[in-house]
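Welcome! Please take a moment with the sequence and the model before reading on. The report below walks through a few of its parts.

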Amino acid sequence: MQNKTITQLAQGLRAKEFSSVELTQYFLNRIEKYTDLNAYITVTANQALQAAQRADVRIASGNAELLTGIPMAHKDIFCTQAVKTTCGSKMLDNFIAPYNATVVKKLNATGAVNLGKLNMDEFAMGSSNETSFYGAVKNPWNKNAVAGGSSGGSAAAVAAQLAVCVTGTDTGGSIRQPAAFCGVSGIKPTYGRVSRFGMIAYASSLDQGGSMARSAQDCAILLQSMAGFDVKDSTSVDTPVPDYCADLDKSLAGVKIGLPKEFFTADVNADMAKALDEAIEEYKKLGAEIKEISMPNLKYAIPAYYVIASAECSSNLSRYDGVRFGYRCENPADLNDLYTRSRGEAFGKEVKRRILMGTYALSAGYYDAYYLKAQQVRRLISDDFKQAFSEVDVIFSPVTPTPAFNIGEKLANPVEMYLADIYTIAINLAGLPAMSIPAGFIGGLPVGLQLIGNYFDETRLLNVAHAYQQVTNWHTQSPNLDN
Amino acid sequence: MNTQWEAVIGLEIHTQLATKSKIFSGASTTYGAEPNTQACIISLGMPGVLPVLNEDAVRKAVTFGMAINAEIAPYSVFARKNYFYPDLPKGYQISQFELPIVGKGFLDIDVDGETKRIGVTRAHLEEDAGKSLHENFHGLSGIDLNRAGTPLLEIVSEPDMRTAKEAVAYMRKLHELVRYLEICDGNMQEGSFRCDANVSVRPKGQAEFGTRAEIKNINSFKFVEKAINHEIERQIELIENGGTVVQETRLYDSVKDETRSMRSKEEANDYRYFPDPDLLPVFISDELKSEIKAHLPELPEEKKLRFKTDYHLNDESATILTSSRDVANYFEEVVKLSHCESTICANWITGELSAALNRADLDISDSPIDATRFAGLVARIADDTISGKIGKQVFEFLWNTADSADDIIEKQGLKQITDTGAIEAIIDTILVANEKQAQQYRDGNEKMFGFFVGQVMKAMQGKGNPAEINKILKIKLS
């Protein structure tokens with residue numbers, strides 16, 4: 001039941017080679033065996049087995065979907081009714097969500113089996129999963145290395161096959177960077193493609209849910225059931241969801257792939273550059289045209305991102321005040337004490353850092369110089385991408401400057417940590433879809449390549465990723481978890 | 001007020017829009033439910049929830065803007081006003097800041113027979129907070145979030161008012177308007193219509209404004225007038241004694257009739273406004289504007305003018321009868337059903353009925369006498385079946401029973417006596433019994449005529465036709 005795609009597992013379920021209950025139990029056993037990876041915060045074994053039973057009935061009745069009975073898991077940022085939803089924070093360690101996120105509801109409706117809730121950086125703020133209240137996730141390829149973040153639990157769970165496929169969220173690279181570090185595929189769709197209702201907000205104008213799995217095709221299948229307009233999310237977009245699998249096998253002949261010269265500089269590690277060059281060669285062989293492009297404003301992406309994301313988070317996280325839910329300090333002396341101690345005791349360092357930065361950026365007298373300026377930069381970056389997409393169909397770039405670094409290595413230097421997201425952040429500012437797929441190994445650690453598509457052109461993005469995965473086998477490699 | 005000083009007053013009025021559900025969620029807005037029973041996950045600010053704008057709130061805001069001849073922003077933006085308070089669940093209030101939905105407009109008020117135009121700077125949509133309850137919680141505070149997320153339209157005036165009287169006139173006018181437009185129930189006890197007043201004073205003739213104080217949350221016309229007057233006096237006294245007014249927020253204490261400091265400018269929050277990324281900008285199309293305009297009801301001014309022309313009413317009656325849509329509708333209904341002169345209908349509504357409603361503290365919509373039964377009364381007065389005096393008796397029966405005016409007149413035998421023979425006979429008896437008074441009249445004491453009318457009426461138990469009595473008396477006394 002290991003090393004199989006969603007389609008293969010769905011066939012196995014229909015052919016009664018195994019039941020969903022057996023498949024679910026198999027994954028639950030693996031989760032228990034590899035708890036040292038720290039991929040899960042909560043495992044909902046009983047509910048999963050019940051869901052698997054229902055899935056088996058549905059499969060037998062002949063009205064199953066591809067995902068019916070498939071064991072998957074959610075990043076712990078998605079609210080799951082009656083199940084603890086922590087967002088990786090002590091603040092929500094006691095929070096049982098009273099409702100399901102739209103994404104959870106939609107996936108439940110397909111009959112997919114939810115195994116539990118995946119570890120993540122606290123409130124999705126981090127690039128290494130080390131800011132989680134529940135501890136760092138270990139990289140299945142090397143347990144001394146980080147899994148990346150913030151969807152570190154999601155990426156590690158897929159890499160270690162502790163779930164067939166998973167949900168993640170991406171605010172500045174939180175799906176793509178851990179996918180690259182753990183050697184799995186992940187797609188962050190266009191902003192507005194997947195409902196944010198019930199997805200705990202970090203930076204509302206940048207957050208976007210997406211899918212992660214062992215192949216582009218599996219990402220497409222999962223995304224298909226997540227995407228769509230939601231009346232409960234005003235920023236979700238009311239356009240039809242195309243069949244993401246329809247064009248997977250389309251030829252790449254004549255497809256124009258752009259290489260932004262600003263992304264291929266000496267900052268890219270030499271081994272990384274070599275891996276990317278080889279991938280470019282593969283694309284040439286597949287018939288794609290490679291074209292150098294320029295996006296001069298990309299260099300401003302990181303500062304603009306940290307102003308906007310911090311500003312929004314400083315406001316989004318105000319609701320955690322110890323009054324209605326979540327952590328409350330003991331014996332507050334008065335209201336001010338209740339606020340300061342509840343927040344002071346339950347938020348981690350990185351979250352506090354960003355709340356402070358954001359509060360500062362929005363303060364009277366600083367708003368124009370920081371927030372407004374960052375929004376102007378954001379528009380310039382979007383314009384750069386618009387210009388680029390008038391010349392090419394897809395943009396190709398690194399995902400990260402290096403493979404996964406070691407746990408603890410960058411904790412002391414937040415700016416260095418922020419720079420790890422240099423290739424992914426601009427895409428969130430522009431709201432574009434992008435994906436990360438495995439493109440090789442450096443020193444036993446996976447590296448990824450990034451494909452960026454035009455607005456709502458996920459179909460093309462998945463086609464270009466899938467084509468590469470038909471001629472390479474990086475994505476089918478599995479780590480040895482028993483050393 | 002001291003004649004050397006002039007006050008400058010601007011009002012911020014929060015009107016609760018009468019939508020069925022909250023501004024950003026489907027939770028009910030009904031007043032008076034058990035605490036927190038109308039607080040859905042969105043009202044509670046649960047992790048992960050998102051606001052969705054209630055279109056009806058937008059329509060009501062646009063309706064208001066059109067009624068005050070204001071610019072309607074083709075594009076407006078919701079912003080977050082960030083501050084911590086236990087009854088503010090998200091730690092920010094969704095409001096509008098730089099780009100409000102309603103721009104500059106105006107309202108004309110009448111004070112002491114003069115019309116004055118008061119500018120409206122802007123009106124913006126926002127959500128209300130919940131309520132903190134400090135009693136009965138043994139040193140703790142209770143939070144009721146039923147009100148959290150109720151739509152408000154905050155209407156900000158220009159500092160165009162110079163006296164508390166003008167401020168009250170403006171507030172009343174606005175109160176009348178929002179009820180006319182049916183965008184707000186106007187219930188001040190329930191907080192549907194609340195006022196903050198910005199007050200400053202300056203020496204007469206000075207162009208610059210003085211430093212202002214803001215008086216928060218005043219919820220009656222009476223208190224607005226008292227609070228402003230008190231604040232004006234306080235500021236003048238302060239300056240005359242060598243002090244300076246500080247910019248601050250003050251609370252009006254209606255029990256002590258004074259304002260006291262709540263927080264100074266230094267202690268004021270930095271609200272860190274920024275556009276709410278969860279909500280899209282609001283676009284108001286020309287089509288929507290024309291559609292709303294087409295459904296705009298007749299406004300008080302227009303209605304008053306029409307009442308004066310069509311119903312030949314004087315200014316006072318027209319003002320009273322157009323003070324609310326319910327009163328106006330009642331009047332027009334009575335005119336229609338009674339088929340009689342509109343001035344009689346007007347007099348009886350503004351007189352007898354208004355007085356009775358006032359005494360019982362009832363709105364006309366809750367009047368025990370509906371328009372149909374009231375029309376029955378007016379019709380009988382107009383066709384001389386009963387006199388005005390008897391009309392008052394019939395009114396009492398109408399108020400206390402469910403009978404029609406005709407049934408009452410019949411049952412109580414109140415029909416007016418117009419039979420000249422019967423009247424003559426009574427007059428003859430009275431003249432005989434009052435020989436002396438008759439002589440006095442004939443000697444030129446005209447007051448005596450009234451005496452005789454009274455005597456006759458008394459003898460006829462008020463049922464005599466006054467015109468006939470006058471006519472016959474004149475003849476008999478001459």
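| Domain of chain B | Residues |
|---|---|
| domain 1 | 5-290 |
| domain 2 | 298-412 |
| domain 3 | 420-477 |

This is a predicted model, in which local features need pLDDT of at least 70 and side-chain atom pairs count only at pLDDT 80 or more, while totals for chains, interfaces and linings use all residues. Residues are numbered from 1 along each chain as its sequence is written, and chains are lettered from A and ligands numbered from 1 in the order in which they are written.

Taken over C-alpha atoms, the centres of domain 2 and domain 3 of chain B are 32 Å apart. Four residues of domain 2 of chain B are in contact with four residues of domain 3 of chain B (contact means that C-beta atoms, placed from the backbone, lie within 7 Å).

Now for a helix. Helices (H or I, at least four residues) and strands (E, at least two) are DSSP runs, numbered from the N terminus. Helix H7 of chain B covers residues 325-338, and its 14 residues should span 20 Å at 1.5 Å a residue, which agrees with the 20 Å between its end C-alpha atoms (the expected span is 1.5 Å times one less than the number of residues). The buried residues of H7(B) are B:Val327, B:Ala328, B:Tyr330, B:Phe331, B:Val334, B:Val335 and B:Ser338. They lie on the same side of H7(B), because they cover an arc of only 160° around the axis (the arc is that of the directions from the helix axis to the C-beta atoms). Buried means that 20 or more other C-beta atoms, placed from the backbone, lie within 10 Å of a residue's own. Among the elements covering these residues are helix H5 (300-311) and helix H8 (342-360) of chain B. Just after H7(B), B:His339 has a positive phi of about 50°.

Chain B also holds an open sheet of three strands, with antiparallel pairing in the order S4-S3-S14. Strands S4 (92-96) and S14 (274-275) of chain B are at the edges, each with a single partner strand, so one side of each has no neighbour in the sheet. Strand S3 (residues 78-82) of chain B pairs with S4(B) over five bridges (pairing needs at least two DSSP bridges).

In chain A, strand S2 (residues 71-75) has five of its five residues buried.

Note on methods. A residue is buried if 20 or more other C-beta atoms lie within 10 Å of its own, exposed if 12 or fewer, and partly exposed in between; C-beta atoms are placed from the backbone. Two residues are in contact if their C-beta atoms, placed from the backbone, lie within 7 Å. Domain bounds come from an automatic or database domain assignment.
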